[in-house]
Every structure is written in C-alpha cells, then in structure tokens.
Amino acid sequence: MSSNPIILIPSRLAAFRLPNKPLADIHGEPMVVHVWRCGMAANIGPVVVACCGPEIEAVIRQVGGQAVITDPDLPRGSDRVYAALKQVDIQNPGHIHDVIINLQGDLPMISASHIHQVLAPLSDPAVDIATLAASISSQEDLANPHVVKIAMTQPQETASGVKVGRALYFSRSHIPSGGSVHYHHIGIYAYRRKALEAYVKMPVSSLEAAEHLEQLRALEAGMRIDVALVNEVPPSVDTQEDLDHIRNLPLV
C-alpha cells in the first residue's frame, strides 16, 4: 500500500489551551520527544518533527532526531506537515514519500500498533485519507465537545484483520443521535501524497469553520476518509488537567 511512507509530527508552542505544551516535561523529557519516540518505535519510515522554531528543533536534535523549522504562522497542523514535507523532499532528492502520516504532537503514549493500523484503510486504492477511532463507552465523553465523534458506515473486517468503515461526518456533537455505538476520533492521519497536496490548497470549507474540524474540508470536497478501529484511545494532552493525568501514568 506504500513503498516509502514518512511520519511527520506537527508541533508548535502557541497552543491555545496549553501554551508551550510540546516542551512540557513528562517523566524527564519534553512531550514532543515522547511523541517522536512513539513514531520511531513504529519503524515505518523516517520520523520528522515539523516545528515552529528553534526551541523544539533543539530538543529533538538533542536526542538524535530530525526536525525542520516551518513558518510559525501556518494556521493548521496539515499545513505545517506539508511545509515540512517539501523541505524533506529538498533534503532527500529522489526519495519521494507516497504516504504521509500526520502524527499529532499531543499523543505522547500512542502505540506502535496504532500507528501501523492507520495505514490499513489505504489498502483500498479508492481511499484518500485514513484515520483511527475507538468505541465510546462513557456518557461523559459522548457529551464532551472536545471529544470528536465520527458517523461512519458499518465497519468491515479487512484481509489484515482490521475493521474499517467509511467516514460520513465528524462532529463535536453527539452523532448519530439515535445510535447505540459511537466512535471517538483519534488524531492521526495517513494521507496519500496527492490527497495531501490537493487538500492544503483548498480554502476553508463552511462545515470546517462551523465545527472547527479541518478534516471536514476533505469530506466536503468529495475526498474519501476511511477509519480503522482500535481497541482504545491513547491519552492526549490538551489541557493542564490532561498533562497532570498523563504525568501519573507509567511509561509504555
């Protein structure tokens, strides 16, 4: 499904709810380093941090990683990923990456198996973008607008044993309203290169602006996003409370 994938981790200091969170200490290392280590553990391909300035670049290079500095004013993670990809292309001529994994910088404990599973939907050549989800078991999560929900087709098991459905809509609201099963979106994407190139050139769509969810731009443009199901949602860090919680968890 991919001959030359790459993992890119967008990372910026100006997070609205938790400023400087990429550098937040978790068990003695900055959070962005933990995310980079998760990407490396997957052993899929190169792992590059797409950062906004020298502070993040320095901590990644200190542990032997690769980072590229992108424009700090880029509005979204996908824009930062694409800007970094173009720099990587220049640095490695002749090594064109055909699948780009956008690994969010707020997932310091995501497993290697989760990163591998995001590639599963791309075994279908009709799929443009792949992502992950897990079942929601908590009414609190279902009502939480910071937990993004997915309405999708009935998941079907693929030849690799991964269950995959087609995304129909993403929302911060309770969707579907009458369903018995609901899905929590996990912030990792695998783009075909052509899909990413097309996507970042599109204007912000009306649904994207309404929900503050950039993946809706792709759906509105007719792109196909398929979702691989995993057993659990890896802990993410968006607030100080999230950070305090994850600091109390054992490293995996």
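1. In the protein, 70% of the contacts with a separation of 6 or more are accounted for by residues 24 or more positions apart, where contact means heavy atoms within 4.5 Å.

2. Please bear in mind that this is a predicted model, in which local features need pLDDT of at least 70 and side-chain atom pairs count only at pLDDT 80 or more, while totals for chains, interfaces and linings use all residues. Residues are numbered from 1 along each chain as its sequence is written, and side-chain values use heavy atoms, with hydrogens and water left out.

3. Along the principal axes, the C-alpha atoms fill a box of roughly 50 × 45 × 35 Å.

4. Of the 252 residues, 51% are buried, that is, under 20% relative accessible area with a 1.4 Å probe and protein chains only.

5. Two aromatic pairs are found in a search of the whole structure. The ring centres of Tyr191 and Tyr199 lie 6.2 Å apart with planes at 35 degrees, so this pair is tilted; rings of Phe, Tyr and Trp (its six-membered ring) pair if their centres lie within 6.5 Å, and planes under 30 degrees apart count as stacked, over 60 as edge-to-face and the rest as tilted. Ring pairs link Tyr189, Tyr191 and Tyr199 into a cluster. Tyr191 is buried, at 3% relative accessible area, and Tyr199 is buried at 1%.

Conventions:
Buried < 20%, exposed > 50% of the residue type's maximum accessible area, 1.4 Å probe, protein only.
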